[in-house]
Amino acid sequence: MKLDPRVKMALAVCLTIIVFLPLSVYGIAIYTAISIIFSLLLQGLSGTLRSLRSLGLFLVLIILMSPLMERSGQVLINLGAFHLLYRDGLVLALATAFRFVSISMAFSSLLGSSTQNEILMSLYALGLGRRSCLVISLTLSFIPFIGESFKRINESQKLRLGEDGHFSRWLFASLVSALVMTLRSTAPRAMALESRGCMLTGKLTGLVKLQSPLRAVLQTLALAAGFAVSYIGVRLI
Amino acid sequence: MTRSSKAIRASLISSLTALAAVFTLLVKIPTGKGYLNLCDVVIFFAAFTFNPLIAASCAGLGTALADVIGGYPQWALVSFAVHGLEGLLAGLLARFSKPLALAVGVAIVPLGYLALGGLLTGYAVALMEAPLNLLQSLVGAVLGVMVSRSVKASYPPVYDLLI
């Protein structure tokens, strides 16, 4: 399914907010299923499974730990004289786990099915300032370069201080070197930005364009209607 | 503000933000319960060297981008809010008292993740993670102060970037 990235952003926000509204655990489960279906449609089975796999550890912790916080209601499991699991604890654990999955799937389907340019253009279209978009765009282009440089600095410091050198010594030396390298490149980069016309008014790179706003509005209206109908339906269940 | 200072500010924020993301993604110190990352080193460096807004921008954006790139996008908004507040408060308080700025900055991380992370994973899990967050923040703050002094000594032109 091809959705406008602005609509996908609105969808992620809606799915995040809706699971915090007063709903029963069944209602939250329905919205979790909806977010998984959206993820399947937007980023396919492999992307959805990859996203779900990254949640595994947290889900185990949530299921194990959350019931301990709520100790009221009908006792479901006893361990000798000790009441291990209460009904309200189980409901809390399930609601928390469903909520976590729903939010995670909403954001991973947004990011897994959109390019960096689409997300930046959407943020700009939704009101984020031009300078903020420029900073995010520059940051995303610096991360691989700074990451590679930091790895090389780390290796050099290890060689300089020897393999038996104390961990904290080469880590500290690497951190200082990486910061100095980054700061040294700040002024030339600023000059490069200016010479390319950035920070001047009225000049925008027009290489990437989103689809027409009308289509995005129609998709948003359709989704909003779907959410409104589903919320009323879930509340009535 | 002149045009050149705007360009330097954009360049500085994006460089420090990228560095915060790299320190979050690449520097992992193993502990018994998991890993510590060193994003707080850049946050405290920015707070003690530049101004609160630069510290807040690079802290919030850098950690949020690291979460997105690292495959944990659900944490991006929580990281943005908690670390952004950490950078802002540390930068503001550093103008009056550096020990106070350190103490508040260190306390914000476990408390913020407890309050906001608790909404995401439940308060039992958030409570379990609080000691590790406190340790990470503490190590980052101590290293941040030391790194800040070393950088200022080894690269004096950093003062020219002060806005």
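This report walks through how two chains meet in a predicted model, and then looks at a few single residues.

Some ground rules come first. The model is predicted, so local features need pLDDT of at least 70 and side-chain atom pairs count only at pLDDT 80 or more, while totals for chains, interfaces and linings use all residues. Residues are numbered from 1 along each chain as its sequence is written, chains are lettered from A and ligands numbered from 1 in the order in which they are written, and side-chain values use heavy atoms, with hydrogens and water left out.

**Where the chains meet**

Let's start with the contact between the chains, where contact means heavy atoms within 4.5 Å. Chain B puts in 53 residues and chain A puts in 47 residues. About 4,500 Å² is buried between chain B and chain A, and carbon and sulfur atoms give 84% of that area. Buried area here is the accessible area (1.4 Å probe) that two parts lose on being put together, summed over both.

How many salt bridges are there between chain B and chain A? The count is zero. A salt bridge is a side-chain nitrogen of Lys or Arg within 4 Å of a carboxyl oxygen of Asp or Glu. Polar contacts do turn up, with two residue pairs between chain B and chain A, both at pLDDT 80 or more. For that term, a pair of N or O atoms must be within 3.5 Å; within protein, one must be able to donate a hydrogen and the other to accept it, and residues adjacent in sequence count only if both atoms are side-chain atoms.

On the side of chain B that touches chain A, at least two residues each come from helix 1 (3-26), helix 2 (39-49), helix 3 (52-69), helix 5 (98-121) and helix 6 (123-154) of chain B. Helix 1 of chain B gives the most, with 19 residues. Helices (H or I, at least four residues) and strands (E, at least two) are DSSP runs, numbered from the N terminus. That side of chain B divides into 39 nonpolar, eleven polar and three charged residues. In this sorting, Ala, Val, Leu, Ile, Met, Phe, Trp, Tyr, Cys and Pro count as nonpolar, Asp, Glu, Lys and Arg as charged, and the others, Gly among them, as polar.

**The nonpolar cores**

A nonpolar core is a set of buried Ala, Val, Leu, Ile, Met, Phe, Trp, Tyr and Cys residues joined through side-chain atoms within 4.5 Å. Buried means under 20% relative accessible area, exposed over 50%, and partly exposed in between (1.4 Å probe, protein chains only).

The largest nonpolar core has 61 residues, and those with the most contacts inside it include Leu175(A), Leu183(A) and Leu38(B). Helix 6 (130-161) and helix 7 (167-184) of chain A are among the elements that give two or more residues to this core. Leaving out residues up to four places away in sequence, Leu38(B) touches Leu171(A), Leu175(A), Phe23(B), Val27(B), Ile29(B), Val139(B) and Leu143(B). A second, separate core of 40 residues includes Ile28(A), Leu110(A), Val234(A) and Val125(B).

Helix 2 of chain B is mostly covered, with eleven of its eleven residues buried. Among them are Cys39(B), Asp40(B) and Phe44(B).

**Salt bridges**

The whole structure holds two salt bridges over all chains:

| Pair | Closest N to O distance |
|---|---|
| Asp4(A) and Arg6(A) | 2.9 Å |

Are Asp4(A) and Arg6(A) buried or exposed? Both are buried. Lys151(A), by contrast, is partly exposed at 45% relative accessibility, and Glu148(A) is partly exposed at 41%. Because Lys151(A) and Glu148(A) are three residues apart in helix 6 of chain A, about one helical turn separates them.

**A few single residues**

Gln219(A) sits in helix 9 (residues 213-236) of chain A and is buried, with a relative accessible area of 15%. Beyond its neighbours within four places in sequence, Gln219(A) is in contact with Lys2(A), Leu3(A), Asp4(A) and Val7(A).

Asn133(B), in helix 6 of chain B, is also buried at 15%. Tyr72(B) lies in the loop between helix 3 and helix 4 (76-93) of chain B and is partly exposed at 36% relative accessibility.
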